[in-house]
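The sequence and structure come first, followed by the notes.

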Amino acid sequence: MTPLDTDHALAVEAAELDGADPLAEFRLRFLEPDGEPVVAYLDGNSLGRPLVATAERLAEFTAGPWGNRLIRAWDEQWMDEPTRLGDRLGEVVLGAGPGQTIVADSTSVMIYKFVRAALDAQSGRNEIVIDRENFPTDRFIVEGIAAERGATIRWIEPDSATGVTPADVEAALSPRTAVVLLSHVAYRSGFVADAQAITDAVHRAGALMVWDLCHSAGSVRLELDAWGVDLAVGCTYKYLNGGPGSPAFGYVRRDLQDRLIQPIWGWMGAADPFGMTAAYTPASGIRRFITGTPPILAMQPLAGMVELLAEAGMEAVRAKSVLLTEFASTLSDRLLAPLGVEFASPRDAAQRGSHITINHPRFREVTANLWERGVIPDFRPPHGLRLGLSPLSTSFAEVLAGVEAVRDTLAELA
Ligand SMILES: Cc1ncc(COP(=O)(O)O)c(C=O)c1O
Ligand SMILES: Nc1c(O)cccc1C(=O)C[C@H](N)C(=O)O
């Protein structure tokens, strides 16, 4: 086959996949850029696209509860918004029953609150387990907490091809382990950790498990209650399309809530916020994990996306995500491997989230060039190109256009 024949055959394949996609129509619910054309948006795992309904929702929010009801809206609806939206997110996306999820803070702040609360609750234990491949904020926060509390960090050095395995975790656990913090889907490789097996191992050692779900929420099936997870945190601006800097979510298993004291005592997490009390008494239940005034305005886009995910169903979302990463991996083998590109994500779809990473020494330059062509993946040093495939907004044709552009750019630079 000539290169042109190959491109034609792949275009037919992409069109067939799009034609058979039961979620294809959902793409229309996202706003199309009306500035410079975007040929392929492959970075929904850093910043999801806005929903068309988001602009309308924000305008209605401004005119309605904010503009009309003013301060009264706090009593009428906003005070409960962090838990109401948390419950809905729990139901649709996290596999979590009500009363265990809040929307608040940033992921970094929530990780700090949860890891410190877990450490402080484990008297006589002073070790925190985390892995070297984890996202910088997770590692930095654990280092900060260790310095602040005199705790010791036990570092897991995972094989970058496989990610953190239950055996890695077991080897790091000891009678001194207080808490373990891991990412469920690795931000670089996309590897999906075995949450059930790891959580069980951590519990057998008498420690608490905190999962970072940033790259999982809205892309893979989550069963936090069934897995017996203690605490979990995640971003809402990736596959939950909450917008730049939208708040994090946090999950705390019900029977653990009143045993934990989170470290940032604020009035909104106190038992009686408007009592203006002299001393801090934490609220009971999940509300105690709130600190200050909840970011109600910034929760609005997320609320719309959770309903869209409910309409699509997380099972169908995951099924499409698997097909998208499968297609990207086939394209990488056919079009990029001959140019020296290395596939750096799990080959088994069951072990892969919704992005893949490919490596090549020239990918930094390639990325700059791709952005100019309207093809938008992201670059992760030292030489990884990450293709994030957002199940409800990415088409198979878009994946093909993106990978072909990577090939063409590499060929031009060579
Ligand atoms: C695994 C992981 N944790 C945390 C974060 C970010 O936290 P924050 O929203 O506080 O910047 C990200 C992405 O930015 C991430 O990929
Ligand atoms: N959170 C981000 C931001 O504020 C600006 C740009 C990118 C991001 C990201 O989400 C990075 C992302 N979590 C990653 O996995 O690399």
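## Basis of the model

The model is predicted: local features need pLDDT of at least 70, side-chain atom pairs count only at pLDDT 80 or more, and totals for chains, interfaces and linings use all residues. Residues are numbered from 1 along each chain as its sequence is written, while chains are lettered from A and ligands numbered from 1 in the order in which they are written.

## Ligand shells

The shell around ligand 1 consists of Ser106, Thr107, Ser108, Phe135, Thr137, Asp138, Ser183, Tyr187, Asp212, Cys214, His215 and Cys235; a residue belongs to a shell if its C-beta atom, placed from the backbone, lies within 6 Å of the molecule. Two or more residues each come from helix H5 (107-121) and helix H6 (136-149). Helices (H or I, at least four residues) and strands (E, at least two) are DSSP runs, numbered from the N terminus. By class, the shell around ligand 1 has four nonpolar, six polar and two charged residues. In this scheme Ala, Val, Leu, Ile, Met, Phe, Trp, Tyr, Cys and Pro count as nonpolar, Asp, Glu, Lys and Arg as charged, and the others, Gly among them, as polar.

## Domains and their contact

Domain 1 covers 3-51 + 313-413 and domain 2 covers 77-310; these bounds come from an automatic or database domain assignment. A distance of 29 Å separates the C-alpha centres of domain 1 and domain 2. Their contact takes 29 residues from domain 1 and 25 residues from domain 2, two residues being in contact if their C-beta atoms, placed from the backbone, lie within 7 Å.

On the side of domain 1 that touches domain 2, the elements giving two or more residues are helix H12 (314-336) and strand E10 (355-359). H12 gives the most, with four residues. The classes on this side of domain 1 are eleven nonpolar, 13 polar and five charged.

## Helix H6

The 14 residues of H6 should span 20 Å at 1.5 Å a residue, and its end C-alpha atoms are 20 Å apart, which agrees; the expected span is 1.5 Å times one less than the number of residues. Asp138, Ile141, Val142 and Ile145 of H6 are buried, that is, 20 or more other C-beta atoms lie within 10 Å of their own, whereas 12 or fewer make a residue exposed and values in between partly exposed, with C-beta atoms placed from the backbone. Seen down the helix axis, the buried residues of H6 fall within an arc of 100°, so they line one face; the arc is that of the directions from the axis to the C-beta atoms.

These buried residues pack against H5, strand E3 (127-131), strand E4 (152-156), strand E5 (177-183) and strand E6 (208-212). Pro136 and Ala147, on the other side of H6, are exposed.

For helix H14 (residues 396-413), 18 residues at 1.5 Å each should span 26 Å, and the end C-alpha atoms are 26 Å apart, which agrees. Its buried residues include Phe396, Val399, Leu400, Val403 and Leu410. The partners against which the buried residues of H14 pack include helix H1 (3-19), H12 and helix H13 (363-372).

Gly44 lies in the loop between strand E1 (40-41) and helix H2 (52-69). With 25 C-beta neighbours inside 10 Å, Gly44 counts as buried. Gly44 and Ser393 are 349 residues apart in sequence but 8.4 Å apart in space, C-alpha to C-alpha. Leaving aside neighbours within four places in sequence, the contacts of Gly44 are Arg49, Lys238, Tyr239, Gly388, Ser390, Ser393 and Thr394.
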